[in-house]
Amino acid sequence: MDKFHDECAVMGVYGHPEAANMVYLGLYALQHRGQESCGIVSSDGKALISHRQMGLVADVFKEDVIKRLEGQSAIGHNRYSTQGQSHLKNAQPFVVEYSQGPIAIAHNGNLVNGAILREELERSGSIFQSTSDTEVIIHLIATSKEISLMGRIVEALSRVRGAYSLLFITPERMIAARDPYGFRPLVLGKFREGPNSGSHVVASETCALDLIEADYVREVEPGEIITFGPNGMESLKPFPPVPHAKCIFEYIYFARPDSSLYGHNVYNVRKSMGRQLAKESAVNADLVTPVPDSGVPAAIGYAEESKIPLEFGLIRNHYVGRTFIEPQQTIRHFGVKIKLNAQREVLNGKRVIVVDDSIVRGTTSRKIIRMLRDAGAKEVHMRISSPATTGPCYYGIDTPTRTELIASSNSLEEIRRFIEADTLAYLSNEGMYDYFDGNRQGFCDACFSGNYPVHFEDEGHTRQLHLFDALQHRS
Ligand code: AMP
């Protein structure tokens with residue numbers, strides 16, 4: 001099963017004459033959330049029309065394809081998978097035809113009981129087309145005994161556990177749903193004054209709304225299901241509330257800095273994390289340099305706070321595709337060098353503070369530090385604008401297994417030695433919440449703290465799903 005590798009984007013538009021085109025533009029803005037495959041399903045009021053393909057949004061959707069995706073509503077999806085199976089059959093949105101007609105689904109997040117439900121469904125005759133967890137939701141809807149679509153969706157969602165920000169489309173309606181914990185982001189927007197005012201948009205991030213000139217209205221709330229139909233918009237909260245667990249890592253790495261996430265601008269949060277990092281782990285140096293792009297806002301914050309000049313000692317090539325022809329002769333640090341180049345003119349003879357957002361396996365940091373030294377850096381001090389990543393994510397961020405995470409089994413000093421830095425410091429867990437006045441409530445930081453809000457099958461050891469069981473019990 002494709003369990004842990006579903007970083008994704010969803011985007012939907014209801015009641016707009018150029019629905020598919022708007023979704024296409026939204027997916028374009030959300031490309032950072034997934035580059036492997038993409039798809040759009042539109043409704044012309046009677047049937048669903050679908051196009052899914054491997055590749056980037058700009059390559060997959062040409063004018064003729066968008067024209068074919070007729071209708072006033074559409075949903076779309078970008079999918080990313082590094083270690084999961086990458087096949088067209090896993091590209092979303094999934095479209096199925098069941099007794100009540102056609103329905104399509106687009107999902108961001110990971111279900112922690114996807115494998116268990118899938119086994120159950122297969123035993124009672126369901127045949128799956130993909131290896132993705134998302135298809136489980138569709139089968140649960142199709143096999144539900146409830147009569148109304150909403151009844152079926154509520155029943156299906158009451159059985160799945162874990163992270164979901166979802167969009168559904170049927171010929172008449174679009175439906176958005178976010179899990180009760182709110183693990184993954186999902187926002188509601190509305191088109192501005194003019195011929196399309198009143199048309200609605202739902203997207204993973206607000207940067208998608210900006211591009212199509214829709215106004216941000218609010219988040220789709222954790223546990224909320226919103227239906228967009230001929231009679232307008234209806235909101236439902238059918239599940240008992242649980243403490244929210246919005247992903248803090250979206251702020252650190254994943255979301256676009258120009259998005260407003262859970263009500264705060266991502267760039268400002270990242271900058272403030274950099275400031276805090278400088279307060280916690282000052283060191284004498286000549287310059288601060290970011291690992292672009294993800295380390296840039298934090299490095300700006302670090303430089304401002306420490307009053308050490310910010311310089312771009314590493315320059316990124318933005319046009320690096322997923323594959324390139326490797327040289328037959330060894331070029332040192334080739335894998336990183338093709339993305340980043342270290343500037344001797346900036347670095348030579350300097351004591352350098354290099355700021356990145358996170359260390360996962362440690363291999364990138366090690367190569368970057370070697371590159372900085374090759375370019376003449378006299379000292380290299382690594383500063384990370386998040387705490388050490390000690391545990392995998394089971395809720396939709398692509399982190400490797402625990403054993404591959406360098407911080408899961410190595411001390412700070414061991415990591416420092418491995419990456420060959422003169423000094424190494426991470427942001428403290430408390431410091432990560434400085435921007436929020438120390439208030440950790442409402443966030444999931446399991447990858448740093450080990451506090452998993454919803455339990456899971458962890459590398460073979462089945463843990464109790466007690467939280468969700470309590471929830472089921474109450475409902
Ligand atoms: P590593 O060599 O595994 O330590 O890679 C660290 C780099 O990966 C950092 O520059 C991070 O910005 C980046 N990174 C962190 N999390 C992810 C993720 N989920 N997907 C892709 N890159 C990531």
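## Helix pairs

Helices α9 (residues 266-280) and α10 (residues 296-306) pack with their axes 6 Å apart, at an angle of about 45°. That angle makes α9 oblique to α10. The handedness of the crossing between α9 and α10 is right-handed. All of this describes a predicted model.

A second pair is formed by helix α4 (residues 114-123) and helix α5 (residues 134-142), whose axes are 9 Å apart and meet at an angle of about 45°. Angles under 35 degrees count as roughly parallel and those from 65 to 115 as roughly perpendicular; α4 and α5 are therefore oblique to each other. The crossing of α4 and α5 is left-handed, whereas that of α9 and α10 is right-handed.

Strand β4 covers residues 73-80, and eight of its eight residues are buried, so the strand is largely enclosed by the rest of the structure. Burial applies to both faces of β4. On one side are Ser73, Ile75, His77 and Arg79, and on the other are Ala74, Gly76, Asn78 and Tyr80.

Strand β1 (residues 7-14) runs antiparallel to β4 and is joined to it by eight bridges. Within this pairing, cysteine 8 has arginine 79 of β4 as its bridge partner. Strand β2 (residues 37-43) also pairs with β4 in the antiparallel sense, over seven bridges. Here glycine 39 stands opposite histidine 77 of β4.

## The six-stranded sheet

Six strands form an open sheet in the order β5-β6-β7-β8-β12-β13, and their pairing is antiparallel. The edges are taken by β5 (94-98) and β13 (232-236); each has a single partner strand, so one side of each is left without a neighbour in the sheet. From one strand to the next, the twist averages 20°.

Inside this order, strand β7 (residues 165-169) and strand β8 (residues 174-178) run antiparallel and are joined by five bridges. Leucine 167 has alanine 176 in β8 as its bridge partner.

## Helix α13

Helix α13 comprises 12 residues, 363-374. At 1.5 Å a residue it should span 16 Å, and its end C-alpha atoms are 17 Å apart, which agrees. The buried residues of α13 include Ser365, Ile368, Ile369, Met371 and Leu372. These cover an arc of only 160° around the axis, which puts them on the same side of α13.

After α13 comes glycine 376, with a positive phi near 105°.

## Backbone exceptions

Most residues other than glycine have a negative phi, and most peptide bonds are trans. Tyrosine 262 is not a glycine, yet its phi is positive, near 50°. This tyrosine is found in the loop between β15 (260-261) and β16 (264-265). With a relative accessible area of 10%, tyrosine 262 is buried. Glutamate 420 likewise has a positive phi, of about 65°, although it is not a glycine. The loop that holds glutamate 420 lies between α15 (412-419) and β22 (423-426). Glutamate 420 is partly exposed, with a relative accessible area of 29%.

Cis peptide bonds occur at two places described here. One joins glutamine 92 and proline 93, with omega about 0°; proline 93 is in the loop between β4 and β5. The other runs from proline 292 to aspartate 293, with omega near -5°. Aspartate 293 is found in the loop between β17 (287-290) and α10.

## Valine 336

Valine 336 is found in helix α11, which covers residues 334-337. Its relative accessible area is 9%, under the 20% cut-off, so valine 336 is buried. Valine 336 and proline 392 are 56 residues apart in sequence, and their C-alpha atoms are 23 Å apart in space.

Conventions: Residues numbered from 1 in each chain as written. Predicted model: local features only at pLDDT ≥ 70, side-chain atom pairs only at ≥ 80, totals over all residues. Heavy atoms only, no water. Helix = DSSP H or I, 4+ residues; strand = E, 2+ residues; numbered from the N terminus. Expected span 1.5 Å × (residues − 1). Buried < 20%, exposed > 50% of the residue type's maximum accessible area, 1.4 Å probe, protein only. Arc of directions from axis to C-beta. Pairing = 2+ DSSP bridges. Axes fitted to C-alpha atoms, helices over the stretch in contact; angles between N-to-C directions. Parallel < 35°, antiparallel > 145°, perpendicular 65-115°, else oblique. Left-handed = near helix turned anticlockwise from the far one by under 90°.
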